[in-house]
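Visitor: I would like to learn how to read the contacts and the ligand shell of a model. Please take one feature at a time.

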Amino acid sequence: MRPFLLIGALTALYILWALTAYPTQIFVRGNSIVYLNPATNNTIVAVFYVIATYPFSTYDLRVHIDLEERSAGHSFHSTVCVIGGGIAGLILAMRLAKQGIRVHLLEAGGLAFEERSQALYRAQMSYDNHRGSNEGRARTFGGSSTRWGGQLLPFTPDIFSPPDGSSREGWPICAQDITPYYQEVEIILGVDSFPFSSDLLSTLRRNTLPASEDILVRFSKWAPFKKRNLAKTVGVEAMAHPGVTVFTHANAASLMAEPGNRNRIGSVRVRNYDRKDYLFTADHFVVCAGTVESSRLLLCSPDIPNAHDQIGRYFHDHVGFLAAQFLPPGRARAIQRLGPFYVDGTLHTCKFEASLRLRLREGLLATVGYILIDEPAESGASATRNLLRSIQRGEFKEGIGANLAPMLLGGPDVARLFLYSRFAGRRAVSKRATLRLTIDVEQAPDPQNRIRVSDCKEDALGMRTTILDWRINEPERSTAVRYSRILRKYLKYAEMDPSQWNETGLEDIAPAMSDTNHPMGGLRMGTDIRRSVVDRDLKVHCVDNLHVASCAVFPSGSSSNPTFTMMALTLRLADHLARQISDRH
Ligand SMILES: Cc1cc2nc3c(=O)[nH]c(=O)nc-3n(C[C@H](O)[C@H](O)[C@H](O)COP(=O)(O)OP(=O)(O)OC[C@H]3O[C@@H](n4cnc5c(N)ncnc54)[C@H](O)[C@@H]3O)c2cc1C
């Protein structure tokens with residue numbers, strides 16, 4: 001032990017000197033965290049500290065560079081520069097680093113939510129209000145994973161490769177290209193490996209639902225709260241990994257071509273909140289700034305080719321409407337047969353998708369019906385959910401402050417939630433809860449639905465502001481109305497008729513429909529350079545070293561939540577880049 005004591009004493013002196021000589025932040029929480037502000041000397045301090053104290057305890061070293069604390073004009077070089085520290089950026093950076101590749105990850109926000117960063121996301125609407133663009137994105141480390149629901153459902157194979165004779169456009173990849181990656185995403189998000197298909201019910205020896213050739217019954221999985229915010233899982237791993245350097249307050253403002261070579265990006269100009277500029281050079285660049293912002297960044301980069309005016313076009317979302325409310329006697333049956341249930345800690349919920357056969361016969365877009373359960377706002381169940389969401393956002397104190405009293409007052413609700421999940425494997429649904437049937441529809445491809453940037457307005461950092469030309473069109477409205485009638489027949493046949501249907505017709509359904517926080521498109525994947533922005537490997541057409549990992553590349557939306565597929569695509573991109581890099585060496 002003596003040598004360690006000596007090293008410990010020397011380290012303590014060194015740290016004391018460094019702390020007084022340089023501003024630094026070192027926090028030790030429990031036995032697992034060292035946070036620091038990594039000017040080189042601080043990194044040395046921390047490394048020394050970790051080595052010296054290793055025999056007594058295990059410490060992670062979490063390093064990030066805050067650009068607010070670097071003088072302007074610095075330049076940084078890496079093999080791959082990843083722009084955006086949300087879901088896509090984090091899993092991409094980690095997978096590359098694990099393959100020995102040096103990565104710089106640029107995150108516009110800080111480690112915690114900041115209003116000055118969020119304000120830069122504000123978008124102006126030209127037509128319908130795309131709520132998710134202003135209220136559903138988070139511009140912070142971890143991105144929208146600090147807010148999302150974590151619901152996962154793979155795309156059905158026909159979305160990628162529609163059958164002959166279908167009017168639908170396919171993707172330039174097939175289901176097999178990404179299926180192997182779905183399993184890895186399940187591991188990252190900590191869900192079980194049971195099937196998504198209705199086989200789940202027979203696997204678990206539960207009562208099956210009536211079979212129908214028109215309705216495809218599948219079950220989505222929900223990532224547990226502790227795994228939803230990727231800043232706290234993959235983000236922590238990335239900050240501790242020697243192959244990744246995370247830069248915060250690093251707003252990518254413009255991608256610039258290599259001097260004399262317009263087919264390659266040489267650098268990205270990055271700005272902090274004091275409007276100081278930095279230059280990041282790399283061999284490869286990947287834009288992971290989320291759907292809207294990825295298009296905006298490319299539109300704000302004059303060196304990116306856009307001869308066919310495709311950047312920002314074909315923006316889409318899932319649009320939803322409340323089709324019915326479950327009242328007795330269908331309500332009790334619906335809870336019993338369709339209510340959410342837990343397997344191995346993973347929550348599963350039932351989805352009624354329009355089968356391929358039905359869509360082809362009726363000319364419908366991909367669409368899905370599912371049950372939404374709303375407990376009263378003042379109940380213990382709602383307070384528990386709100387607290388978990390606050391913890392997901394990293395706002396524990398605020399969450400406790402706002403929800404502790406309602407949780408105590410609603411003690412029986414909280415106890416029921418816990419006991420049902422623990423012993424019955426079910427999510428408890430109280431008598432006061434409202435049960436509604438919701439129908440979501442993908443949007444038909446429309447080049448007029450697009451992300452643009454203003455010609456005259458700039459945000460606080462001098463970047464042109466976003467304008468969204470977005471409309472819910474006739475095909476979406478018609479699919480919603482018609483599928484609601486089809487689902488009504490099925491639920492009646494299954495003896496789970498909700499009873500109170502929303503009788504809104506095609507003429508007046510538009511105001512009842514809204515986006516569902518699933519922005520997609522703008523940088524569409526395709527083989528035809530006149531109708532797309534990236535190719536099947538997510539490389540921007542005509543630029544050799546620029547890729548995009550985001551739902552922005554989705555040519556269509558399907559009836560599944562998008563992020564599971566986006567994550568699988570991102571892992572596939574990481575492997576593709578790693579192969580390219582190793583081939584060059
Ligand atoms: C309330 C809510 C619930 C949701 N629920 C689900 C669900 O259950 N299932 C599902 O599949 N999807 C869901 N989603 C959608 C899901 O959150 C997104 O699809 C997903 O977060 C997209 O990941 P991303 O990495 O592409 O973008 P983001 O997670 O948004 O990350 C983008 C990152 O880029 C950073 N950034 C932006 N601009 C710049 C710049 N100029 N320079 C540097 N960095 C920049 C941002 O700060 C952010 O960290 C939900 C969304 C919301 C809002």
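Guide: Two residues are in contact if their C-beta atoms, placed from the backbone, lie within 7 Å. This is a predicted model, in which local features need pLDDT of at least 70, side-chain atom pairs count only at pLDDT 80 or more, and totals for chains, interfaces and linings use all residues. Residues are numbered from 1 along each chain as its sequence is written.

Visitor: What percentage of the contacts with a separation of 6 or more is between residues 24 or more positions apart?

Guide: In the protein chain, such residues account for 74% of those contacts.

Visitor: How many helices and strands does the protein chain have?

Guide: Helices (H or I, at least four residues) and strands (E, at least two) are DSSP runs, numbered from the N terminus. The protein chain has 18 helices and 24 strands.

Visitor: Which residues are closest to the ligand?

Guide: A residue is near a molecule if its C-beta atom, placed from the backbone, lies within 6 Å of it. Here 39 residues surround the ligand, and the closest are Gly-84, Gly-86, Gly-143, Gly-149 and Thr-563. Elements giving two or more residues to this shell include helix H3 (87-98) and helix H18 (563-584). The largest share, three residues, comes from H3.

Visitor: How do the axes of H3 and H18 cross?

Guide: Axes are lines fitted to C-alpha atoms, for helices over the stretch in contact, with angles from 0 to 180 degrees between N-to-C directions. The axes of H3 and H18 come within 9 Å and cross at roughly 30 degrees. Among the residues making the contact are Ile-87 and Ile-91 of H3, and Thr-563 and Met-567 of H18.
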